[in-house]
Amino acid sequence: MLESGSLGGEGTAESCRSTLDFLGSESGWCVGDSETQPEPGTFDESPFSVGRGFDIIVTRDDMRIGYATSHGTPNGNENLDGEAILEAVETIISGN
């Protein structure tokens with residue numbers, strides 16, 4: 001999800017793809033930029049984010065959110081570590 005470009009301007013499909021390339025990703029979905037739906041800010045205002053950081057796992061076959069967790073400094077965050085997130089990914093992949 002790329003809501004703004006590297007210089008603080010609007011995120012675009014092109015800048016999202018450039019970011020994925022920079023990060024070494026060969027595949028991925030760009031959502032939330034200024035050229036796609038949902039519009040920028042949608043995820044920030046969602047119950048997953050509640051104004052904080054969040055991780056979501058979206059299954060490609062149905063594009064549904066299969067898992068969500070929040071992280072950050074405010075109280076009420078789950079603040080899972082990488083190992084716990086990986087376990088959630090593996091659970092989603094296995095279909096359990």
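**Elements and confidence**

Mentor: The protein chain has 2 helices and 2 strands, where helices (H or I, at least four residues) and strands (E, at least two) are DSSP runs numbered from the N terminus. This is a predicted model, in which local features need pLDDT of at least 70, side-chain atom pairs count only at pLDDT 80 or more, and totals for chains, interfaces and linings use all residues. Residues are numbered from 1 along each chain as its sequence is written, and side-chain values use heavy atoms, with hydrogens and water left out.

Trainee: In what order do the elements run from the N terminus?
Mentor: The order along the protein chain is α-β-β-α.

Trainee: And what is the mean pLDDT of the chain?
Mentor: The mean is 76, and 74% of the residues reach 70 or more; pLDDT is the predictor's confidence in each residue, from 0 to 100. Among the elements, helix 2 (residues 82-94) has the highest mean pLDDT, 88, while strand 1 has the lowest, 78.

Trainee: OK, the strands then. How many bridges join strand 1 to strand 2?
Mentor: There are 7 bridges between strand 1 (residues 53-59) and strand 2 (residues 64-71), and the two run antiparallel; strands pair if DSSP finds at least two bridges between them. I56 has A68 as its bridge partner in strand 2, and I57 stands opposite Y67 in that strand.

Trainee: What about the hairpin, which residue there takes a positive phi?
Mentor: That is M63, with phi near 55°, in a hairpin that has 4 residues between strand 1 and strand 2.

Trainee: Staying in strand 2, is T69 buried or exposed?
Mentor: T69, which lies in strand 2, is buried because its relative accessible area is 3%, the classes being buried under 20%, exposed over 50% and partly exposed in between, with a 1.4 Å probe and protein chains only.

Trainee: Which residues does T69 touch?
Mentor: Leaving aside residues up to four places away in sequence, T69 touches G53, F54, D55, E78, L80 and I85, a contact meaning heavy atoms within 4.5 Å.

Trainee: And S70?
Mentor: S70 is also found in strand 2, and with a relative accessible area of 10% it is buried. The C-alpha atoms of S70 and I56 are separated by 8.8 Å, although these residues are 14 apart along the chain.

Trainee: Switching topic, how many salt bridges does the structure hold?
Mentor: The structure holds 1 salt bridge, defined as a side-chain nitrogen of Lys or Arg within 4 Å of a carboxyl oxygen of Asp or Glu. The side chains of D21 and R17 form it, at 2.9 Å from N to O.

Trainee: Where do those two sit?
Mentor: Both D21 and R17 lie in helix 1 (residues 13-22), 4 residues apart, which is about one turn of the helix. An α-helix has 3.6 residues a turn, so residues three or four places apart point the same way. D21 is partly exposed at 47% relative accessible area, and R17 is partly exposed too, at 28%.

Trainee: Last one: what span should helix 2 have?
Mentor: At 1.5 Å a residue, the 13 residues of helix 2 should span 18 Å, and the end C-alpha atoms are 18 Å apart, which agrees; the expected span is 1.5 Å times one less than the number of residues. Helix 2 is followed by G95, which has a positive phi near 80°.
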